[in-house]
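The sequence and structure come first.

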Amino acid sequence: VTGANRGIGLALVKQWLAVTDAHVFATARQPDAAADLHALQRQYPDRLTLVKLEVTSAADIDAAVATVRQQTAALDVLVNNAGIDPDDGWSLELLKPDVMLRAFEVNTVAPAMITKAFLPLLKASSRPRVVNISSDMGSIENRTYSDSHAYCASKAALNMVTRGFAVELRRDRVTLVCLDPGWVQTDMGGSDAPLEPVESARGIVNVVSGLTPQDSGRYLRWDGGTHPW
């Protein structure tokens with residue numbers, strides 16, 4: 001799980017540890033400062049590994065793969081959760097090229113490169129799944145509002161990447177989906193959001209547990225419903 005030190009990522013780690021016997025690899029840019037993850041590691045010392053990962057760093061990605069490979073020969077689930085919504089990407093008047101590029105770098109390019117890097121470990125699994133955490137704001141059909149231009153465009157691009165990878169990796173039995181976690185009470189979602197992280201995480205874990213190859217390339221909701229493109 002990338003971006004696991006807070007918000008939806010942290011809630012997903014907690015849920016997988018609580019309701020399954022899975023070994024979870026939780027990544028953070030600064031794992032030494034991730035107090036909540038360290039508390040979980042004390043609770044689940046044999047089932048939680050903290051991994052340093054700045055998702056835009058090729059060196060960090062390679063090191064993360066090496067860390068996971070030291071502990072397992074196969075990876076069943078990869079959750080590309082880390083993402084940003086730059087404040088200066090909200091308004092057209094404030095929008096700058098570097099803001100757009102940074103949003104795409106983190107929200108679109110990084111998940112693609114991380115998926116590529118972990119592909120050998122995924123292929124070694126009997127049931128490999130990749131979950132790209134998208135957003136309702138990545139839906140072109142639902143884009144009937146303004147604002148958050150950089151974030152929306154980058155998540156729509158992530159959806160397209162997921163669709164393409166799903167077709168290419170079908171022969172390797174890798175199931176890929178883009179998934180809207182809902183509007184969640186996180187630093188990004190804000191306090192007005194209707195969903196608590198635990199509710200979103202519970203739904204996502206249920207969805208992931210039920211994924212089949214026939215789901216590959218779909219755009220799903222946290223509750224298992226189909227999201228409009």
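The model is a predicted one. Asp36 sits in helix α2, which spans residues 35–43.

Asp36 and Ala156 are separated by 120 residues in sequence, and their C-alpha atoms are 31 Å apart.

## Strand β1 and its pairing with β2

Helix α2 also belongs to a right-handed β-α-β unit, together with β1 and β2. The two strands of this unit pair in the parallel sense over five bridges.

Strand β1 covers residues 24–28, and five of its five residues are buried. Burial applies to both faces of β1: Val24, Ala26 and Ala28 lie on one side, Phe25 and Thr27 on the other.

Strand β4 (residues 129–133) is mostly covered, with five of its five residues buried. On one side of β4 are Arg129, Val131 and Ile133, and on the other are Val130 and Asn132; both sets are buried.

β4 pairs with two strands in this account. Four bridges join it to β3, and the two run parallel; within this pairing, Leu78 has Val130 as its bridge partner in β4. β4 also pairs with strand β5 (residues 175–180), again in the parallel sense, over five bridges. Arg129 has Thr175 as its bridge partner in β5. From β4 the chain passes through helix α5 (residues 149–168) to reach β5, in a right-handed β-α-β crossover.

Six of the six residues of β5 are buried, so the strand is largely enclosed by the rest of the structure. Thr175, Val177 and Leu179 point one way from β5, while Leu176, Cys178 and Asp180 point the other way, and all are buried.

β5 pairs with strand β6 (residues 219–221) in the parallel sense, over three bridges. In that pairing Asp180 stands opposite Arg221 of β6.

## Asn80 in strand β3

Asn80 lies in strand β3, residues 77–80. Its relative accessible area is 2%, so Asn80 counts as buried.

Which side chains make polar contacts with the side chain of Asn80? One is Thr115, at 3.1 Å. Another is Asn132, at 2.8 Å, a residue of β4 that is itself buried. Leaving aside residues up to four places away in sequence, Asn80 touches Thr2, Pro111, Ile114, Thr115, Val130, Val131, Asn132 and Ile133.

## Asn107 in helix α4

Asn107 is in helix α4, which runs over residues 97–123. Its relative accessibility is 0%, so Asn107 is classed as buried.

The side chain of Asn107 reaches the backbone oxygen of Ile84 at 2.8 Å. Apart from residues up to four places away in sequence, the residues that Asn107 touches are Ala82, Gly83, Ile84, Tyr151, Ser154, Lys155 and Leu158. Asn107 and Thr56 are 51 residues apart in sequence, with a C-alpha to C-alpha distance of 9.6 Å.

Glu54 is in the loop between β2 (48–52) and α3 (58–71). What is the nearest side chain of opposite charge to Glu54, and how far away is it? It is Arg102, at 4.2 Å. Glu54 is buried yet has no salt bridge, because a salt bridge requires a side-chain nitrogen of Lys or Arg within 4 Å of a carboxyl oxygen of Asp or Glu.

The side chain of Glu54 does make a polar contact of 2.9 Å with the side chain of Thr56. Not counting residues up to four places away in sequence, Glu54 touches Arg29, Asp60 and Arg102.

Conventions
Residues numbered from 1 in each chain as written. Predicted model: local features only at pLDDT ≥ 70, side-chain atom pairs only at ≥ 80, totals over all residues. Heavy atoms only, no water. Buried < 20%, exposed > 50% of the residue type's maximum accessible area, 1.4 Å probe, protein only. Polar contact = N/O pair within 3.5 Å; in protein donor to acceptor, adjacent residues only side chain to side chain. Contact = heavy atoms within 4.5 Å. Lys, Arg positive; Asp, Glu negative; His and termini not counted. Pairing = 2+ DSSP bridges. Right-handed = clockwise from strand over helix to strand, strands pointing away.
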